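These are my notebook entries on one chain. I wrote down what I looked up, entry by entry.

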Amino acid sequence: KITGENLWRRKVTKGNPVSAIVAGNYLAVVSNYSSIPFDLEILTRRGSSIDVFTVDNGERVWSEDIGSAISTTPAIAYNKFLFVTDKGKLHVYKGR
């Protein structure tokens, strides 16, 4: 039964969440960020980070800074976490 009770709350490692996906007892959150070194727009760096939490208690079990932005929705299949970066690079990570 859904009660509306807040079970847990966590901050992502970096940036603003743009996508989330659940598989089994895990929640994977993709967040995008940008930084502008020396206040020079031409040097703007865009990237993404991924955080994986347990659904039950919100424990962060893995995080990774991808370095390149992710605009597509990630997928989880066959115990793998897959996504494509804006630079066209396919990443596949093995699950636990």
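**Entry 1: the open sheet**

I began with an open sheet of 3 strands, ordered β5-β6-β7 and paired in the antiparallel sense. The edges are held by β5 (75–77) and β7 (90–94); each has a single partner strand, so one side of each lacks a neighbour in the sheet. From one strand to the next the twist averages 20 degrees, with axes taken as lines fitted to C-alpha atoms and angles running from 0 to 180 degrees between N-to-C directions. I noted that strands are DSSP runs of E with at least two residues, that helices are runs of H or I with at least four, and that both are numbered from the N terminus. Two strands count as paired if DSSP finds at least two bridges between them.

The model is predicted: local features need pLDDT of at least 70, side-chain atom pairs count only at pLDDT 80 or more, and totals for chains, interfaces and linings use all residues. Residues are numbered from 1 along each chain as its sequence is written, and side-chain values use heavy atoms, with hydrogens and water left out.

**Entry 2: the whole chain**

I counted strands and helices next: the protein chain has 7 strands and 0 helices. I also looked up burial, where buried means under 20% relative accessible area, exposed over 50%, and partly exposed in between (1.4 Å probe, protein chains only). Of the 96 residues, 29% are buried.

**Entry 3: strand β3**

In β3 (residues 45–54), 8 of the 10 residues are buried. I found 10 bridges between β3 and β2 (residues 26–35), which run antiparallel. L27 has F53 in β3 as its bridge partner. With β4 (residues 60–65), β3 pairs in the antiparallel sense over 5 bridges, and D51 has S63 in β4 as its bridge partner. β3 and β4 form a hairpin with 5 residues between them, and G58 in the turn has a positive phi of about 80 degrees.

**Entry 4: the core and F81**

Which residues make up the largest nonpolar core? I listed 10: I21, A28, V30, I50, V52, V61, I66, I70, F81 and F83. β2, β3 and β6 (80–84) are the elements that give two or more residues to this core. Such a core is a set of buried Ala, Val, Leu, Ile, Met, Phe, Trp, Tyr and Cys residues joined through side-chain atoms within 4.5 Å.

I then followed F81. Leaving out residues up to four places away in sequence, F81 touches I21, A28, V30, I50, P74, A75, I76, H91, V92 and Y93; contact means heavy atoms within 4.5 Å. The bridge partner of F81 in β7 is Y93, and 5 bridges join β6 to β7.
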